[in-house]
Amino acid sequence: MSRSLPSLDTLFTWIRTESPTHDRAGVNLMMDLVVAQMQDAPVAIERVPGEQGLGDTLVLRAGPQTTEPSILVMSHLDTVHPLGTIERDLPLRIEGDRLYGPGIYDMKGGAWFCLEAFKDVARKGTAVRPMVFLVTPDEEIGSPTTRPIIEALGRRSAYALVTEPARDGGQIVTARKGVGRFDVHVEGRPAHAGSRHKDGRNAIYEAARQILAIEAMTDYARGITTTVGMVSGGTAMNTIPQHCRFPVDLRVETVADGEAVTAAILGLKPQNSDFKVTVTGA
């Protein structure tokens, strides 16, 4: 693969445009790039303003404008990588026939190629059904603002394709696990770490015990995974922390397992009455 290939110029720009979910400006720059990509094609563009501090959503329409159920294609342009990743941890580079950079696999590469195909079909006028391409800004946090749009378009579609990456060997993904998202707040008792240590109740210590219990719910044989990917707590090195918070990611293959593990997470209890554990989510 060569950097000089004209077809890669736009994709390089996409990768350099960092777009973590909560960076509204970066996500909207990506939406601007998609709009520019469609300018010379017979594609109707609807731009839905973002909500809750998140980026905008694009609904692209092409093909015959009939009442027949459409072909729906969906991509998201937000990533999990914080700003600065491309300069610090994952620089844009080519190694052999592989291109590396933040968000290129999930899912800017697939989105860009599919948008090019969508544009090509729109230009040729060969679509036999209406085509809709939905580009969202918030998939990495569970699509809180775009879920109603996704569901509404899905109900009016005959087929749906998501341009997420394939599995190993190029295997197509025909189903996804159910997802649960939870927030856990542990409250202890603050105290000075030197003079009043015994009077304190360390919320981080209690959170660690809760995290061990949550991670132990993972069962690979049943397709259940529980993940604590972030933890925040404490105010100073010399203070017993009163608060600790962490989110939980749950993935399941069956409704029954989802209900059972959700109940277990929502039912978390502190090891003793000096702590308070509050869990929200579903």
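Student: What counts as a pocket here?

Tutor: A pocket is an open set of points on a 1 Å grid over the protein atoms alone, where a 1.4 Å probe fits, with protein on both sides within 12 Å along at least five of seven lines. This is a predicted model, where local features need pLDDT of at least 70, side-chain atom pairs count only at 80 or more, and totals for chains, interfaces and linings use all residues. Numbering starts from 1 along each chain as its sequence is written, and side-chain values use heavy atoms, without hydrogens or water.

Student: OK, how much space lies in the largest pocket?

Tutor: About 1900 Å³, counted as the space filled by probe spheres set on the points, which are joined across faces, edges and corners.

Student: Which residues lie nearest its centre?

Tutor: Glu139, Gly142, Val179, Arg181 and Arg251, out of 43 lining residues (those with an atom within 4 Å of a point).

Student: And which element gives the most to that lining?

Tutor: Strand E8, with five residues. E8 spans 178–187, and the other elements supplying at least two residues each are strands E3 (70–76), E6 (131–136) and E13 (243–252), plus helices H4 (104–124) and H5 (147–155). Helices (H or I, at least four residues) and strands (E, at least two) are DSSP runs numbered from the N terminus.

Student: What about the second largest pocket, how much space is in there?

Tutor: About 380 Å³. The lining has 16 residues, with Leu99, Ile104, Tyr105, Gly109 and Phe113 closest to the centre. Strand E5 (98–100) and H4 each give two or more residues to this lining, and H4 gives the most, with five.

Student: Changing topic. What order do the strands take in the open sheet?

Tutor: E1-E2-E6-E3-E7, five strands with mixed pairing (two strands pair if DSSP finds at least two bridges between them).

Student: How do E1 and E2 pair?

Tutor: They are antiparallel, over five bridges, with E2 covering residues 57–62. Val48 has Thr57 in E2 as its bridge partner.

Student: Which strands does H2 touch?

Tutor: H2 (residues 24–37) packs on the sheet against E1, E2 and E6, and its direction makes about 170° with that of E1. Contact means heavy atoms within 4.5 Å; angles run from 0 to 180 degrees between N-to-C directions of axes fitted to C-alpha atoms, for helices over the stretch in contact.

Student: And H5, which strands does that touch?

Tutor: H5 touches E1, E2, E3, E6 and E7, at about 165° to the direction of E6.
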